[in-house]
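Let's take a walk through a protein together, one stop at a time. Have the sequence and the 3D view ready, and turn the model as you read.

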Amino acid sequence: MVEVPERRAIVSGIGISRVGRRLGIPGLDMTVESSLAAIADAGLEPKDIDGIDTMGDTAATRAAEALKIEPQWWGGGVTTGGLLSPVMSACLAVAEGRARHVLIYRTVEMMGGSMLPADRPPTDSPVASDVGMMKAMGDMSPLLTYHAYSAANWLAMHCQRHMHLYGTTKEQLGALAVNSRRNAGLNPLAAYRDPITLDDYLSARPISDPFGLLDCDVPVDGSVAVVVSGAGYAPDCPNPVQVQAMGGATGTAVGGWDQRPDYPKMASVDAAAEMWGRTDLKPADVNLAELYDGFTFITLAWLEALGFCDDGESGPFVADPGQISLTGRLPLNTYGGQLSAGRMHGYWVLHEACLQLRGQAGPRQVDGSEVAVVAAGGGPIAACLLLSS
């Protein structure tokens, strides 16, 4: 067995706030709601939490004050794991004994908010927390110069290239969207639960060719929180989930958004390679996958990067219900994904994976869930975690 520090970490608790479109609930209130749920789920009290980190939007200092906790360890925001950097940093912190129980949360408000990390304690540089994400996204300038102002434009170009190289079709992208909505129908927290057909998908309003409205994730208000603890707490933890391996990639060293020599591949290939290099487990050992779907194509890219199918074969893979349905070989985005449940920037995938591994996913529970992969990010930012029950 490969020995890596993250194996000395567990996800000890998970929590989720109310989720919906334009809830009108302050971000701090949603943060407190999800955080208290995660702390209680871990069998802990707020006073037990000695570490905290977040991707924003609610500042960690404000959350700590509202929760009446006094962290000794403050995370560093975006580092090598993009969206999941706080979780990865927390795993290392508890593995190295710098903290015992770390609270991580992601709170979003659909009509506002920031992708930059929230405020840091006064001892930190006021700009240091922004450096990671700004560096990772730093090659956007040429895209903006050519009036490509949205990630929808940038990822659409990736998708067009994939279609040109491999014959990937709109119908295959649509199969992924239909599957996600089917799963969302079993999730009472999902923003959209009514089923859709392939015809509904194909007739949806165009956004950025080849993407239509149903290729894009759903903005919501909500908060997801997790508690990461040292593995020594596992015997006392009500529902421990083991971290087996992790991998991350952030930056523009290999081409950023559109200058990679292996374009349309993304940083997901680098993150996946790092993760698989830190474990003896293989893709065939994975029972389910919770993969980022800010746009349909990102999920296809992750499936190939993680080795669940070869380059160019992700389209036919997702078009086969025998592969990605709840009873398929690799159940995919079992809670409805960002396409139907709502955009939580990679944290709902983690929450759902833990529910599945704990056997607590209700009507969407996948039988025999023992190993799950979680992945978040697109373009030049990516991270993935391998978890087990």
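Are Phe211 and Phe295 buried or exposed? Phe211 is buried, and Phe295 is buried too; here buried means under 20% relative accessible area, exposed means over 50%, and partly exposed is in between, with a 1.4 Å probe and protein chains only. Before going on, please note that this is a predicted model, in which local features need pLDDT of at least 70, side-chain atom pairs count only at pLDDT 80 or more, and totals for chains, interfaces and linings use all residues. Residues are numbered from 1 along each chain as its sequence is written, and side-chain values use heavy atoms, with hydrogens and water left out.

Back to our two rings. A pair of aromatic rings is described by the distance of the centres and the angle of the planes. Rings of Phe, Tyr and Trp (for Trp, the six-membered ring) pair if their centres lie within 6.5 Å; planes under 30 degrees apart count as stacked, over 60 as edge-to-face and the rest as tilted. The whole structure holds two aromatic pairs. One of them joins Phe211 and Phe295, which are stacked at 5.5 Å centre to centre with 5 degrees between the planes. This pair links distant parts of the chain, 84 residues apart: Phe211 sits in strand S6 (residues 211–212), and Phe295 in the loop between strand S9 (288–291) and helix H10 (296–305). The names of these elements come from DSSP runs, numbered from the N terminus: helices are H or I runs of at least four residues, and strands are E runs of at least two.

Now look for the sheet. Two strands pair if DSSP finds at least two bridges between them. Nine strands form an open sheet with mixed pairing, in the order S3-S2-S4-S7-S1-S8-S11-S10-S9. Its edge strands are S3 and S9, each of which pairs on one side only.

S2 (residues 51–54) and S3 (residues 73–74) pair in the parallel sense over two bridges, and Ile52 stands opposite Trp74 in S3. To get from S2 to S3, the chain passes through helix H2 (residues 60–67), and this β-α-β crossover is right-handed. That word applies if, with the strands pointing away from the viewer, the path from the first strand over the helix to the second runs clockwise. S2 is also joined to strand S4 (residues 101–108) by four bridges, and the two run parallel; the bridge partner of Asp53 in S4 is Ile104. In a regular strand the side chains alternate between the two faces of the sheet. In S2, Gly51 and Asp53 point one way and Ile52 and Thr54 the other way, and all are buried.

Further along the sheet, S8 (residues 241–250) and S11 (residues 381–388) pair in the antiparallel sense over eight bridges. Gly248 has Ala383 as its bridge partner in S11. Leu288 stands opposite Ala372 in S10.

Next, find helix H14 (residues 347–357), which is mostly covered: 11 of its 11 residues are buried. Just after H14, Gly359 takes a positive phi of about 70 degrees. In the loop between H13 and H14 lies His345, which has a positive phi of about 50 degrees although it is not a glycine.

Most residues other than glycine have a negative phi, and most peptide bonds are trans. Arg22, in the loop between strand S1 (9–16) and helix H1 (27–41), has a positive phi of about 55 degrees. Arg22 counts as exposed because its relative accessibility is 54%. The peptide bond from Asp209 to Pro210 is cis, with omega near 10 degrees. Another cis bond runs from Tyr263 to Pro264, with omega near 20 degrees.

What lines the largest cavity? Its lining is made of Ala177, Arg181, Ile196, Leu214, Cys216, Leu339 and Ser340. A cavity is a set of points on a 1 Å grid over the protein atoms alone where a 1.4 Å probe fits but cannot get out, and lining residues have an atom within 4 Å of a point. The elements giving two or more residues to this lining are helix H7 (170–184) and helix H13 (337–341).

Technical notes:
1 Å grid on protein atoms, 1.4 Å probe; cavity = no way out; pocket = protein on both sides within 12 Å on 5 of 7 lines; lining within 4 Å.
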